[in-house]
Amino acid sequence: MTNKTLNRIDRNILRILQEAGRTSFAELSRRVGLSTTPCMERVKRLERDGVIKGYQAILDPACLDAGLVVFVQIRLTRTSQDIFDDFKRAAIALDQVQECYLVSGNFDYLIKARVAHMAAYREFLGDTLLTLPGVHESTSYVVMEQVKETLALAVPY
């Protein structure tokens with residue numbers, strides 16, 4: 001499904017659910033101008049078509065000892081497919097890693113990790129990240145202030 005196949009009501013549903021995923025069907029129906037059954041059918045179609053991938057609670061990292069955000073650039077020792085595959089599998093398995101991207105440029109991967117504090121990060125870096133398959137070097141950027149963090153996507157009107 002593409003943006004061209006989403007009509008105005010579909011996009012309104014997506015905006016509302018992205019902002020408040022626990023909105024009841026009755027409230028959602030009222031806000032988009034449909035009766036409840038057609039609104040429910042649209043949501044189910046959006047889920048079935050993969051436009052809505054799921055629903056989740058957003059947790060406060062500070063309450064779970066994960067208040068420190070660090071971005072880490074990783075350069076691998078070589079750029080063969082087996083090294084990339086081994087690194088990806090290992091990175092996916094790490095609970096502290098929230099995001100991991102294969103990127104172009106002077107390094108191979110960009111990781112966003114959350115840990116309790118700087119001492120926990122030093123331990124994570126030395127005992128875990130630098131021991132992942134194929135890691136040659138890393139550069140870390142510790143976040144001093146979170147200005148914006150969102151998973152929300154801009155839904156065109």
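## Where α1 meets α2

In this predicted model, residues I9, N12, I13, I16 and L17 of α1 touch L28, R31 and V32 of α2, where contact means heavy atoms within 4.5 Å. Sorted by class, the contact of α1 with α2 has six nonpolar, one polar and one charged residues. Here Ala, Val, Leu, Ile, Met, Phe, Trp, Tyr, Cys and Pro count as nonpolar, Asp, Glu, Lys and Arg as charged, and the others, Gly among them, as polar.

Helix α1 spans residues 8-19 and helix α2 residues 25-32; they pack at an angle of about 130°, with their axes 10 Å apart. Axes are lines fitted to C-alpha atoms, for helices over the stretch in contact, and angles run from 0 to 180 degrees between N-to-C directions. The two helices are therefore oblique to each other (under 35 degrees is roughly parallel, over 145 roughly antiparallel, 65 to 115 roughly perpendicular, and the rest oblique).

## The two sides of α2

Let's turn to α2 itself. L28, S29 and V32 are buried there, that is, under 20% relative accessible area, while exposed means over 50% and partly exposed in between (1.4 Å probe, protein chains only). These residues cover an arc of only 100° around the axis, which puts them on the same side of α2; the arc is that of the directions from the helix axis to the C-beta atoms. Their cover includes α1 and α3 (36-48). A26 and R30, on the other side of α2, are exposed. Just after the helix, G33 has a positive phi of about 80°.

## Where α1 meets α3

α1 also packs with α3, at an angle of about 80° and with the axes 11 Å apart. That angle makes α1 roughly perpendicular to α3. On the α1 side the contact is made by I9, D10, I13, L14 and L17, and on the α3 side by C39, R42, V43, R45 and L46. By class, this contact of α1 with α3 has seven nonpolar, no polar and three charged residues.

Q73 sits in strand β1 (residues 68-76). With 19% relative accessibility, Q73 counts as buried. Leaving aside neighbours within four places in sequence, Q73 is in contact with F107, Y109, L110, E137, S138, T139 and Y141.

## How to read the values

Helices (H or I, at least four residues) and strands (E, at least two) are DSSP runs, numbered from the N terminus. Residues are numbered from 1 along each chain as its sequence is written, and side-chain values use heavy atoms, with hydrogens and water left out. Local features need pLDDT of at least 70 and side-chain atom pairs count only at pLDDT 80 or more, whereas totals for chains, interfaces and linings use all residues.
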